[in-house]
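Subject: Structure for you to look at

Hello,

Here is the structure I said I would pass on. Please open it first, then read the notes below it.

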Amino acid sequence: MDYLVMSAIIELNISIRGDLLTPFFIAFTACCLWSIVAMCTIGRLLPDMWLERALVETGLALGATATALL
């Protein structure tokens, strides 16, 4: 996975990077908002220790989204 991320960063064309910032920030904001809403609402459906389990699931979701965006 590390080699895949490094090769993607190396091949990044800096001249077109500015055009992609707006969609990136829209996707980033939507992901963060959804993770917070899901943690606070869906997390309460867990039977015990809902906050701790919801925090772990939120971290996993954000990590997977960041990897997918790369």
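The accessible surface of the protein chain comes to about 5,800 Å², and 73% of this belongs to carbon and sulfur atoms. Areas are from the Shrake-Rupley method with a 1.4 Å probe, and for residues only the protein chains shown count as cover.

Some notes on the source. This is a predicted model, in which local features need pLDDT of at least 70, side-chain atom pairs count only at pLDDT 80 or more, and totals for chains, interfaces and linings use all residues. Residues are numbered from 1 along each chain as its sequence is written, and side-chain values use heavy atoms, with hydrogens and water left out.

The protein chain has four helices and zero strands, in the order α-α-α-α along the sequence. Helices (H or I, at least four residues) and strands (E, at least two) are DSSP runs, numbered from the N terminus.

Of the 70 residues of the protein chain, 10% count as buried. Buried means under 20% relative accessible area, exposed means over 50%, and partly exposed is in between (1.4 Å probe, protein chains only).

Helix α3 covers residues 21–41, and its end C-alpha atoms are 30 Å apart.

Which residues of α3 are buried? They are Cys31, Ser35, Ala38 and Met39. Seen down the axis of α3, these buried residues fall within an arc of 100°, so they line one face of the helix. The arc is that of the directions from the helix axis to the C-beta atoms. On the other side of α3, Thr22, Ile26, Leu33 and Ile36 are exposed.

Phe25 is also in α3 and is partly exposed, at 46% relative accessible area. Together with Leu21, Phe24 and Phe28, Phe25 makes a nonpolar surface patch of about 390 Å².

Ala54 belongs to helix α4 (residues 50–69) and counts as buried, at 5% relative accessibility. Leaving aside residues up to four places away in sequence, Ala54 touches Met39, Gly43 and Leu46, where contact means heavy atoms within 4.5 Å. Ala38, in α3, is buried at 18%. Ala38 and Ala54 are 16 residues apart in sequence and 8.4 Å apart in space, C-alpha to C-alpha.

Regards

Terms used:
Expected span 1.5 Å × (residues − 1). Patch = residues over 30% accessible without salt bridge, like charges linked within 9 Å, V, L, I, M, F, W, Y side chains within 5 Å. Salt bridge = Lys/Arg side-chain N within 4 Å of Asp/Glu carboxyl O.
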